Amino acid sequence: MNALKNTTQKSPTFYISHGHKPIAAHANGIYITANDGKRYLDGCSGAAVVQVGHSHPAVLAAMHEQIDQLQFSYRTQFENQPAIDLGYKIVAHMPPGLDRVFFVSGGSEAVESAMKLVRQYHFHRGEHERTIFISRLPSYHGSTLGALSLTGYQPLQKPFEGTYQLYPKIPSPTQYRIPEGHTAESHAIACANELETNILAIGAHRIAGFVVEPIGGASTGAEVPHNSYFPRIQAICKQYGIPLILDEVLCGVGRTGRWLAADYWQIDADVICLAKGLGAGYAPLAAIVAKDEMVETVLSNGGFMHGFTYAGNPLACAAGCAVLDVIDNEGLVENAAKQGEYLLAQLQQLSERFDWIGDVRGRGLLLAIEFADKASKTPLPNDWKVSQTITDMAYDEGLLVYPRKSLNGIAGDHILIAPPLIITHAQCDELLGLLTKALTTFDTHYQKIAQNNPK
Ligand SMILES: Cc1ncc(COP(=O)(O)O)c(C=O)c1O
């Protein structure tokens, strides 16, 4: 076995940056253990992925059974039973009208597929000019060039300028920094109205669709819109005939305490993207779910000119079937709502101790803490690297959280708290205990740097 001997040795693998982490050895439930024996509480489900926890026996059994039977068959040569079964299970959880499922292997592929399905639909209807997608700022929709065109997170885009489309973005409806003269409601409506402004400026006949996360993930830090937001968005999309594409890659599959985050507002979407929680880390698995009329228009005009080799992989779909059964049978959506409510209240209480915590927000088990000056809401200086430092301090305590910048990736700091949906009340307390230690350590550090850098 080739093991890295120390943290300065180069690994053949690389991801975002230099440096590497301990090797993950095994995992169970909400815990993951490194090969040095240290155990971590997975307070963010990796990247909001591990919905049913690690090593769930029902998922492992289903995968073992499937691998003995059929590991791969190609979609142009065969259908496979796990993919069909998973298709039915997904549709059973969708709002009425969304009943056609197209499988892919990850969130970026799902977003790309949604864009291409919608575009091909317009094409066959003779609406050739519909090529422009509108999305929001900040947002994250994936790393591939199509999905990156929708993304509003500057550091991820800057090096690739010129290679992706410069699609228009409307502001995400933050409830934390409401501009002067606005209420939460009027600000949400004003943000939604920006969609109409863009449609009118560009021409509805040129708009391919509007892409949005119903509850924000990493880029906004679990941003929950005011209840007035989606009814207005829906009305604008209907009025101008603009397809509404929901990116539920992160917030879907029970994460927010409803099966879809869209269920909070009964949003009538044309396409929904699902990923992370669907395979729950057991297999690369994602899907788009679309309306029959859109799919039939594309299929009866020569077929969908798009697809990936691993689409509908039987092993991945068998894992997905087992994951969805576990979520239903163990009441995990309800558990996410219940434990999420408790965690949110406790985090809000904890935040009162620190004048550098500006906001605590989210729904279900998609929660975030934003670090900013409590009184002024001003972000903390970038060079203090607050979210990364706190994440590192939590890591030292044996707790995994997920750091991001809050304002378009260029300023502000937050962490996501998004544990597996199986978390118990006692484990929430354990998470809170570890987080409190990390925040207390950071407070000492903060007081020192704040003293050396007076306002
Ligand atoms: C909302 C959203 N959309 C799309 C993606 C891209 O998914 P993937 O990393 O699986 O390609 C992500 C990933 O974090 C996401 O959070």
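**Strand β10.** I began with strand β10, residues 286-291, and found that 5 of its 6 residues are buried, where buried means under 20% relative accessible area, exposed over 50% and partly exposed in between, with a 1.4 Å probe and protein chains only. Strands here are DSSP runs of E with at least two residues, helices are runs of H or I with at least four residues, and both are numbered from the N terminus. I then looked up the pairing of β10, taking two strands as paired if DSSP finds at least two bridges between them. Strand β4 (residues 98-104) runs antiparallel to β10 and is joined to it by 6 bridges, with Leu98 having Lys291 as its bridge partner. Strand β9 (residues 271-274) is also antiparallel to β10, through 4 bridges, and Val271 stands opposite Ala290.

**Basis of the values.** I noted that this is a predicted model, in which local features need pLDDT of at least 70 and side-chain atom pairs count only at pLDDT 80 or more, while totals for chains, interfaces and linings use all residues. Residues are numbered from 1 along each chain as its sequence is written, and side-chain values use heavy atoms, with hydrogens and water left out.

**Ligand site.** Which residues are around the ligand? I listed Gly106, Gly107, Ser108, Tyr140, His141, Gly142, Glu213, Asp247, Val249, Leu250 and Lys276, a residue being near the molecule if one of its heavy atoms lies within 4 Å of it. By class, this shell holds 3 nonpolar, 5 polar and 3 charged residues; Ala, Val, Leu, Ile, Met, Phe, Trp, Tyr, Cys and Pro count as nonpolar, Asp, Glu, Lys and Arg as charged, and the others, Gly among them, as polar.

For polar contacts I used pairs of N or O atoms within 3.5 Å. A polar backbone atom of Gly107 is 2.8 Å from an oxygen atom of the ligand, and a polar side-chain atom of Asp247 lies 2.7 Å from a ligand nitrogen atom. In the side chain of Lys276, an N or O atom is 2.9 Å from an oxygen atom of the ligand. Of the 390 Å² of accessible area that the ligand has on its own, the protein covers 81%, with areas taken from the Shrake-Rupley method and a 1.4 Å probe.

I found a cis peptide bond from Leu137 to Pro138, with omega near -5°, and placed Pro138 in the loop between β5 (132-137) and α5 (145-150). Both Leu137 and Pro138 are touched by Asn408, as are Gly152, Tyr153, Gln154 and Pro155, when residues up to four places away in sequence are not counted; contact means heavy atoms within 4.5 Å. Asn408 sits in the loop between β14 (402-404) and β15 (413-417). Is Asn408 buried or exposed? Asn408 counts as buried because its relative accessibility is 19%.

**Positive phi.** I kept in mind that most residues other than glycine have a negative phi, and that most peptide bonds are trans. Ser55 has a positive phi near 55°, lies in the loop between α1 (45-48) and α2 (57-69), and is partly exposed at 29% relative accessible area. Lys385 has a positive phi near 45° and belongs to the loop between β12 (366-371) and α13 (386-397), where its relative accessible area of 53% makes it exposed.

Technical notes:
A polar contact is a pair of N or O atoms within 3.5 Å; within protein, one must be able to donate a hydrogen and the other to accept it, and residues adjacent in sequence count only if both atoms are side-chain atoms.
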